[in-house]
Amino acid sequence: MQKRQQRAVPERFVVRRATLYFDRFMNQFIKVGGLSVIVAVSLIFVFILLQVFPLFRGATVEWRKDMPVPPGQYVVMGTDEWSELPFFVNAGGEVLFVDTVDPGGPHNRGHFTRTPGLADEATVSAVAFNEMQTQLLYGTVDGRFAIVDVQYKATFPERGGREVAVELDETPLLRIGREGVPVRKLAYGGSGVQKLVAATQEVEGEFELHAVSLAQQRTLLGAGELSVERSYDLTEFLTGEPEQLAIPRDADAVLIGNTDGSVVYLHFDGQEFTRRQVFVPFEDREDRRIATMDFLLGDVSLVLTAHCGANRVYSIYRDPEADMRIWGHTKTFPDLDRGAVFYSASMRNKAFLIGDGRVASLRYGTTETIRWQEDLPVQATLAALGPRYNRLLFLDDQYSLHFYDLHDPHPQAGWRTFFGKIQYEGQATAEYSWQSTGGRDDFERKLSLVPLIIGTLKGTLYAMIFALPIALLAAIYTSQFLDPAVKRYVKPTMEIMASLPSVVLGFLAALWLAPIISNAVPSVLSAMLGVIVGAFGIGYLWGQLPQRIRMLLKPGYEFIAFVPFMVLIAYAGWHLGALAEQFLFVVEDPDTGLVIADFRLWFPRATGLGFEQRNAFVVGFVMGFAVIPIIFTITEDALSNVPEAFRSGSLALGASRWQTAVRVVVPTASAGTFSAVMIGLGRAVGETMIVVMATGNTPVTEFNPFTGMRTLSANIAVELPEAPYLGTLYRTLFLGAMVLFLMTFAVNTVAEVMRQRLREKYRAVE
Amino acid sequence: MNEASPDSAPAVDVAQAVRQRRVEVAQRKPEADADVNLQHIQVCNYSFFYGTTQVLFDVNMDIPERRVTALIGPSGCGKTTLLRNINRMNDLIDGIRHQGDILIGGQSVYDRYLEVISLRKRIGMVFQKSNPFPKTIYENIVYSLRVAGRNKKAELDETVERSLRGAALWDEVKDRLKESAFSLSGGQMQRLCIARAIANRPEILLMDEPCSALDPVATGKIEDLIDELKKEYTIIIVTHNMQQAARVSDRTAFFYLGKLIEYDDTQTIFMNPAEEQTEAYVSGRFG
Ligand SMILES: Nc1ncnc2c1ncn2[C@@H]1O[C@H](COP(=O)(O)OP(=O)(O)O)[C@@H](O)[C@H]1O
Ligand SMILES: [Mg+2]
């Protein structure tokens, strides 16, 4: 050390400070740059994960408060939207409201009772509750009924905040069934034009069932008086003692649960009743007796419990065998200890709160899952699920109201929803479906990602079927056969093709290509086939020509001889296809009865599969155009980078250009070629605009080339603007993004491993 | 099929020989060409251009069969170009042009009846830098058979052994034929390339500085090999190594700036050259 310091370093050996600093700086800079890329990618993944994670969390329920309720013989419990002013109806028809806001506080209204006017005139013999419309239904001892609307209204008092006020709006008493005979059970359904009320009565030990359809006068000032339009005696349809009655809101049916465990489904077409179906929901159980029968939101699913505790859901759907809409068993939930004591359906989704007193269980109809279940510290007799799906209210047998907060933002989410088969309402079988929005509030969301994954694979498959052979063969041809002078023009042209915005391609595909192709499928197919067969044919014939004639074209310029023939063959194929259509794809037009030749009609008829104008074939074609330049350029580079020595070595041994290409050049470039294919695949998997524009975006689960599809990426593009921030759909879209991410990640990882292997195997010397 | 009596006397009258061979060729069918054993190479008034640059000027050479002919001369004088034109390896280069002719057994390599592929099958080539394919040793050697559609195992096995023995490599690699060719050393690789070049039993062997990247031991082995091979093949070897040219060749051609300066028996070129430039070059005074 000492010695070295003493000796002065000649100036010409001194490294400049700046050089050293710059070198050091660049080293660090590159390190930081590389790391930040890794960090950025990880952060994106973490972000997506954070968006997705809440989907897989269960419900949390937290006790809030208890408050006393004046004792009474309550039969119905309901609540307002904010769960501030729940009500209890006793057997006599009195409605008790309890203010739950700030109990004991200065503005708490305590509790108060409202009695509908009808209670004075007649004595109430039955009370029913239509939860979805917050309507009470009273039956009287003399065979009449009235509908009482519990109308909550938010008011904003001067002191600030919000106060819920309530009003009862009742219809006049209307006759039903036998006069003077008490109504035992009753049900009401009707939100639109048609309204229907059904009631059971007991006359001298015999049960009777009556129904009335209601008419409402419409005046300029709005809805007018209700009146009975027509009465029906449905007693003939009874098979036993009717215990449960239900009418869906479309008022097109009456469902009767009998004590023998059977359910009778009467269909009402507006004029007449017909018996559609009798089914026994708990047929396989020893004790088949039905304890409760209630609708889920939407009134197309019935939640039934048996006395033995079994809990099942029946839904109405078009049965392919019966060819009409009948009820079928769709969901099974774990048993309760006995028949349900309380039931409350969510007004937001397909959840319901059910329990047998001790146990309270929040269940989700669509997914057959229990969101939350607990042994209550008390014996509950009534329960209500807050209409905003944010509160649980229980009334126990000691007249104490228990108030819970419910936090369950994504009740439908779960593995089964996203990746499993589910029999949705209205479907005859369990299916993978995606349909995130519907026309009605009570629409059951279908959130299976499977059709989207299949759509992604389908789009990729057709794009690759089209792009791979063309891109790879073109790359081989360009790098190994084409004259370098021509090659100079081919590559930049391809690169321009790669830079075409995919929205332009999608636009062309949708508006120009799709109609052309769908009008002339046989022509397109036969022209393609012609070109493929023709290429081999002409290639073979060319090889058979004597050297003297082949000499006329310089090697690398053979395409000059080929192209005119190929054009000719394509042209001939096009017309041959049209001709073939005339003879092969003949079908009778169902509308006109004429026999016409049209592939578009023939294909669905012959195969039972669909035919759409914007289909996978078109997408494959156009997405192929987006993918071809990528695969082509990278492959061509890889092939051209194969050391010239290999090529010369092979040619010098008497191998033909084709043999050289296939036996030496392509294997040596296989790593690069493989990368090219994988990058092309990645592009096809993630390609969005073309798919959005050139397909109908129908989520399908089949690989029919003549129907469209919806890919994961297109799904995100189409639905994200509609998805409420942080809602289930929003997060589900992120889940789709994550699936997409994982798919490409898997593809890339496999590709990288394969590439390394290939590179090792075909590593050139040095 | 390649059996013909070794013709020891170099042709004297080039023009007459050319004429005579041409007559013979004209009487044959084109398909039969590949089967005729004519290893005699004649370069007649041959000029060659890369684009507009002329790199060979009116070269005339008569290369005797079953002899080793060495091409010497400073870098860039066109030795490789001449060599690569004998089996038309230069065809793929853009913008090339030639004048004059190269005849093999009297037939022009540019003959329009002649398949380039069959021409190349007749001519083995060993490159300056060894270039085994990324395949096994075995597959490297049988490559020329496989591309000819000859896949019978017995024939392939026989070829591998014969070629490797011919290239003096058999003993070294006979137990590792299924290993990658890249596992060999530099000298072994070059001998593998020689074995590969003679696998299809060509008539002519072109070697472009085959030893330039090799150590003296490997070089010695390859020189011995060349001595062995000339019994069967017409060999043309490009070399920068004067001793090597003197040791292995029978005839030597000296090129300078694309011109053939002198072409004679090796002994004459090295002991008693006719030209000043030749003398200067072989004695190491320039180049
Ligand atoms: N592919 C080519 N294109 C253009 N010029 C070339 C090409 N190959 C070689 N040349 C030129 O031709 C001349 C002869 O080259 P070459 O035959 O390789 O010489 P040598 O083998 O004697 O060293 C050189 O000037 C070289 O620059
Ligand atoms: Mg050279």
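Residues are numbered from 1 along each chain as its sequence is written, and chains are lettered from A in the order in which they are written. In this predicted model, local features need pLDDT of at least 70, side-chain atom pairs count only at pLDDT 80 or more, and totals for chains, interfaces and linings use all residues.

**Whole chain**

Select chain A, which contains 18 helices and 33 strands (DSSP runs numbered from the N terminus: helices are H or I of at least four residues, strands E of at least two). Its radius of gyration is 37 Å, well over the 27 Å that the globule rule gives for 766 residues, so chain A is more spread out than a compact globule. That radius is taken over C-alpha atoms, and the rule is 2.2 Å times the number of residues to the power 0.38. Along the principal axes, the C-alpha atoms of chain A fill a box of roughly 115 × 100 × 55 Å.

**First sheet**

Next, select β1, β29, β28 and β27 of chain A, which form an open sheet in that order with antiparallel pairing (two strands pair if DSSP finds at least two bridges between them). The edge strands, each pairing on one side only, are β1 (60–68) and β27 (380–385) of chain A. Within the sheet, five bridges join β28 (residues 391–396) to β29 (residues 400–407) of chain A. Display R391(A) to find D405(A) of β29(A) opposite.

Move to another open sheet of four strands, β23-β24-β25-β26 of chain A, whose pairing is antiparallel. Here β23 (342–345) and β26 (369–375) of chain A are the edge strands. Five bridges link the antiparallel strands β24 (residues 351–355) and β25 (residues 359–364) of chain A. Select L353(A) to see its bridge partner in β25(A), L362(A).

**Pocket**

Finally, turn to the second largest pocket, with a volume of about 1,300 Å³. On a 1 Å grid over the protein atoms alone, a pocket is an open set of points where a 1.4 Å probe fits, with protein on both sides within 12 Å along at least five of seven lines; lining residues have an atom within 4 Å of a point. The volume is the space filled by probe spheres set on the points. Select V75(A), V127(A), A128(A), F129(A) and D294(A), the closest to the pocket's centre of the 43 residues that line it. Strand β6 (residues 124–130) of chain A gives the most to this lining, with six residues.

Terms used: Side-chain values use heavy atoms; hydrogens and water are left out.
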